[in-house]
Amino acid sequence: MTKMLRAATLQSQSSETLDPQNWDDIRAQGHRMLDDMLDYVANIRERSVWKPIPDEVRARFHAKLPLEPSDLAEVYQEFTDFIVPYATGNVHPGFMGWVHGGGTAVGMLAEMLAAGLNANLGGRDHIPIEVERQIVEWTRSMFGFPVGASGIFVTGTSMANLMAVLVARTTALGQFVRQRGLRDEGASLTAYTSTAAHGCIAKAMDIAGFGSDALRCIEADRSHRIDVAALRARIASDRNAGLKPFLVVGSAGTVDIGAIDDLKALSALCREEELWFHVDGAYGALAVLSPEHAPRLAGLESADSIALDFHKWGQVPYDAGFLIVRDGDRHRQTFSAPAAYLRRETRGLAAGSPWPCDLGPDLSRGFRALKTWFTLKTYGTEKLGAMIARTCALAGYLEKRVLAEPRLELLAPVQLNIVCFRYRAANANKINGDIVVDIQESGIAAPSTTVLDGQLAIRAAIVNHRTDTSDLDALISAVLDFGARAVSASGGRDDQNG
Ligand SMILES: Cc1ncc(COP(=O)(O)O)c(C=O)c1O
């Protein structure tokens, strides 16, 4: 091929970039999308919380790989018709299932800006990494951690808990564990948490190679707080049996009912026993922003590491999990790994070491920090703290409504923002399971379920900043209504005595 011919071929391919042929068209389309999405959030109350997905809609997402291009406006129409109406529902104030944040318009706009910059936060010297470091610094000050602490954004608390287990493992066994594996010494390590802890901690022990049996789930009291005396006894008996306790995981807001372990007592025990003290603060840790609730987290400042999600109570759009580690050196020793193609320099784009890829398993990483930075700056921590306190007050309102209604029964003390209750009925587990599904399908609200002492509970986790008393009133009415219907459909009777 002659030089000229090659140039001509390349030139004809310049129209093959993925940039729009007409920027004015995409600008107009983009403005429509932005307006529609702002309208979606602004008018979310007019929609069902959630809708069952019709078979024909689901079938649309089993299409063949698209070989040919499509018009953006047509693809967007498909999004509008078939994706928007069948989303999770957690933007809606009636969403109270599991523990989901509601997101904000600010976070949404920041996410768009981050996608425009398309920054890769694995490493290198650019301002997006300084934005992430700024959040590390702010998080450090929120929790009273010392200078030298390190932190990193991850998908969510499941990942942050796994990484904390790995930091604790490297601390217990030394850095050689990274080459040699756990071997006999690692096989005798044991970790501790409570029966009320989230399942991702057992999963972390499994993935880290210890096996979930190496996690001792210590009994919790009636308020779902770990029994510290029982923990102490189990550590002693494991030591007597030749095992090597290395890690205690406390909970700041258990997933079932929002219980907060006695973090002060756990921290003192860990210092005494020389154990790594990690706190799963997935959603509860951000209660430090509320002056009213922060004292309940006393002891958190002494943790060796904390996992939390800005996408829950922080209302940052998914996903924005975070791990903070008191001793940044230990954090780096667990994950940093030299590679020729990731060579560091003292100037140029490859400067700025250590990089975030030295603090976790990911190399390519998105700009989660930007939506968090926008959220913290735009609202300020006082307003976020007040919002968190308000969701707890709303849980108190719901608790009162449950206690005042003889057909309902409270199943656990309300400690933060989660209310577990049930409709009294002879076949209560079946009836309450049906009630929850019926309410979800009605689109009125979206509670979820959990099982407490063998009793199926309707679980309302009030995390969404848009939720109001009217949403809780609607939930109560729906529970009473669907409860009565479920009981009469089963030919049964209400059971006012449980
Ligand atoms: C206490 C607790 N830990 C861990 C998790 C898991 O967090 P993520 O879903 O962000 O992985 C949750 C989720 O709700 C939780 O409530």
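Which helix holds Ala229? Helix α11, spanning residues 228-240, is the place to look. Please keep in mind throughout that this is a predicted model.

Ala229 has a relative accessibility of 58%, and because exposed means over 50%, the residue counts as exposed. Ala265 is 36 residues away from Ala229 in sequence, and the C-alpha to C-alpha separation of the two is 9.8 Å.

Let us turn to the interior. In soluble globular proteins, nonpolar side chains tend to be buried together. Here, the largest nonpolar core has 65 residues, and the members with the most contacts inside it are Phe143, Leu231, Ile306, Phe310 and Trp313. Helix α14 (residues 368-403) supplies the largest share of this core, with seven residues. A second, separate core has 33 residues, among them Ala160, Leu162, Leu323 and Leu359.

Leaving aside neighbours within four places in sequence, Ile306 is in contact with Phe143, Phe145, His278, Val279, Ala285, Leu300, Phe322, Leu323 and Ile324. Thr139 is another residue worth a look: it lies in helix α6 (residues 127-143), and its relative accessible area is 0%, so it is buried. Not counting residues up to four places away in sequence, Thr139 touches Leu308, Phe310, Phe322 and Ile324.

## Two helix pairs

Two packed helices are described by the angle between their axes and the distance between the axes. For α6 and α14, the axes come within 9 Å and cross at roughly 50°, which makes α6 oblique to α14. This crossing of α6 and α14 is left-handed. On the α6 side, the contact is made by Val131, Glu132, Gln134, Ile135, Trp138 and Met142, while α14 brings Ala369, Leu370, Thr372, Trp373, Leu376 and Lys377. Sorted by class, the residues where α6 meets α14 are eight nonpolar, two polar and two charged.

Now for α2 (residues 23-42) and α4 (residues 72-83): their axes come within 11 Å and cross at roughly 10°. Angles under 35 degrees count as roughly parallel, so α2 is roughly parallel to α4. Ile26, Gln29, Arg32, Met33, Asp36 and Met37 of α2 make the contact with Leu72, Ala73, Tyr76 and Phe79 of α4. The contact of α2 with α4 has seven nonpolar residues, one polar residue and two charged residues.

## Backbone details in the loops

Which peptide bonds are cis? Another is the bond from Ser353 to Pro354, with omega near 0°, and Pro354 belongs to the loop between α13 and α14.

Positive phi values also deserve a glance. Trp98, a residue other than glycine, has phi near 45°. Its place is in the loop between α4 and α5 (105-117), and at 46% relative accessibility Trp98 counts as partly exposed. Asn118 is not a glycine either, yet has a positive phi of about 50°. Asn118 is found in the loop between α5 and α6 and, at 65% relative accessibility, counts as exposed.

Gly366 lies in the loop between α13 (328-335) and α14, and its 35% relative accessibility makes it partly exposed. Leaving aside neighbours within four places in sequence, Gly366 is in contact with Ala119 and Leu121. Ile152 is 214 residues from Gly366 in sequence and 12 Å from it in space, C-alpha to C-alpha.

Methods
Residues numbered from 1 in each chain as written. Predicted model: local features only at pLDDT ≥ 70, side-chain atom pairs only at ≥ 80, totals over all residues. Heavy atoms only, no water. Helix = DSSP H or I, 4+ residues; strand = E, 2+ residues; numbered from the N terminus. Buried < 20%, exposed > 50% of the residue type's maximum accessible area, 1.4 Å probe, protein only. Contact = heavy atoms within 4.5 Å. Axes fitted to C-alpha atoms, helices over the stretch in contact; angles between N-to-C directions. Parallel < 35°, antiparallel > 145°, perpendicular 65-115°, else oblique. Nonpolar A, V, L, I, M, F, W, Y, C, P; charged D, E, K, R; others polar. Core = buried A, V, L, I, M, F, W, Y, C linked by side-chain atoms within 4.5 Å. Left-handed = near helix turned anticlockwise from the far one by under 90°.
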